[in-house]
Amino acid sequence: RHMSFGNDKQPSIVGLKSNGPGMIDDNFNYPTQQGWDLKLVASKNIHGDSVSACALLQDGPENNAYVVTVSLDGGLMVHIIETTRIEIDRRLRLTKGSSISRASPLNLLSRGIGRGGSSSPSTKLNSYRYHASADPLACVALASDNHGGHVIFAGGHDDVVLAYGINSACALASVYSHRDAVTGVDLIKRSSETATHLMVSGSWDATVKVWSVVLTAGEAVSINREPLAELFDADASVVCVAAIEVHESAVAICAGCADGSFVVWLYHDNGVKEVIHKESVKRGCG
């Protein structure tokens, strides 16, 4: 599938060829036009229920990429996108002296390496880690300890946020965070005397909370069990959250709600929190 933009600047999909309902022809040469050239890298049925969230990390073993998924079946899975090394090593030599990220596996795959490229090396999606939860999982976020370790933060219907170490292959920490299912989670690096990251969580209980997290070498994780802030301005169940640093002393936090409304907060390091935008529910939503 190829996404291009017309005069109205809205994305459209062209070059789609089907072999039947729900089937895409992997051998079809999707046209390259102005816009994004999207190529299928790998496809695999890995869960027994809906995949509720996923994330990519381009820092796996031998510079391959991690694919992290969580599901309503309670499963947390880590797969590795593995591509034949010969062509990647050749590209790395050719790009020596340039940005290494331009020759990373995901970028090489996007240029055709592994699916219809000139050398057509094989691409595999290999199981790497698995963790089972008794309750459905709904959201996921990733963070690095800056020493080769990576931690998955997953929220679910048990009202808990779980921290799972990819290298450690086990649960590292958890916090009972809300009074209903945790439906959104995000982390941003925010160094202070007491924390390395801030974690933001959202829930069906219509609240958004900010947590202090310490993540150090060896995937050592500590989550303060008392939130730094609780945001009560959402008028309906929160279904997703995101956060970003906007100033050295403040972060912006946004939440989307089940009724179609949307809230944006500014949270300051001194604890001050303010609503900077609130989009009301649109008629016909909810």
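How many bridges pair strand β11 with strand β12, and in which sense do the two strands run? Strand β11 (residues 150–156) and strand β12 (residues 160–165) are joined by 5 bridges in the antiparallel sense. The model is predicted, with local features requiring pLDDT of at least 70, side-chain atom pairs counted only at pLDDT 80 or more, and totals for chains, interfaces and linings using all residues. Residues are numbered from 1 along each chain as its sequence is written, and side-chain values use heavy atoms, with hydrogens and water left out.

Strands (E, at least two residues) and helices (H or I, at least four) are DSSP runs numbered from the N terminus, and two strands are taken to pair if DSSP finds at least two bridges between them.

The loop between β11 and β12 contains Asp159. This residue has a positive phi of about 70° although it is not a glycine. Asp159 counts as buried because its relative accessibility is 12%, where buried means under 20% relative accessible area, exposed over 50% and partly exposed in between (1.4 Å probe, protein chains only). Glu219, in the loop between β16 and β17 (220–223), likewise is not a glycine and has a positive phi, of about 60°. Glu219 is also classed as buried, since its relative accessibility is 3%. Most residues other than glycine have a negative phi.

A further open sheet consists of 4 strands in the order β19-β20-β21-β22, with antiparallel pairing. Here β19 and β22 are the edge strands, each pairing on one side only. Neighbouring strands of this sheet are turned by 20° against each other on average, direction ignored. Strand β21 (residues 262–268) and strand β22 (residues 273–279) run antiparallel and are joined by 6 bridges. Opposite Phe262 stands Glu279 of β22, and opposite Val264 stands His277 of β22. The two strands form a hairpin with 4 residues between them, and Gly271 in the turn has a positive phi of about 95°.

The largest nonpolar core comprises 19 residues, and those with the most contacts inside it are Val200, Val208, Val210, Val238, Ile253 and Trp265. A nonpolar core is a set of buried Ala, Val, Leu, Ile, Met, Phe, Trp, Tyr and Cys residues joined through side-chain atoms within 4.5 Å. Two or more residues are contributed by each of β15 (197–203), β16 (208–216), β18 (229–231), β19 (238–247), β20 (250–257) and β21. The greatest contribution comes from β20, with 4 residues. A second, separate core of 18 residues includes Ala143, Val185, Trp211 and Leu215. Beyond four places in sequence, the contacts of Val200 (heavy atoms within 4.5 Å) include Val185, Val208, Val210, Val241, Ala243 and Ile253.

Val70 lies in strand β7 and is buried, with a relative accessible area of 0%. Residues up to four places away in sequence being left aside, Val70 touches residues including His47, Val51, Leu76, Leu137, Cys139, Val140 and Ala154. Between Val70 and Leu137 the C-alpha to C-alpha distance is 5.8 Å, although 67 residues separate them in sequence.

A search of the whole structure finds 1 aromatic pair. Tyr66 and Tyr128 form this pair, which is tilted, with 5.7 Å from centre to centre and 35° between the planes. Rings of Phe, Tyr and Trp (its six-membered ring) pair if their centres lie within 6.5 Å; planes under 30 degrees apart count as stacked, over 60 as edge-to-face and the rest as tilted. The pair links distant parts of the chain, with Tyr66 in strand β7 (residues 65–71) and Tyr128 in strand β9 (residues 123–132), 62 residues apart. Tyr66 counts as buried because its relative accessibility is 3%, whereas Tyr128, at 27%, counts as partly exposed. The charged end of Arg129 sits over the ring of Tyr128, 4.1 Å from its centre; this arrangement requires NZ of Lys or CZ of Arg within 6 Å of the ring centre and within 35 degrees of the ring normal.

Notes. Axes fitted to C-alpha atoms, helices over the stretch in contact; angles between N-to-C directions.
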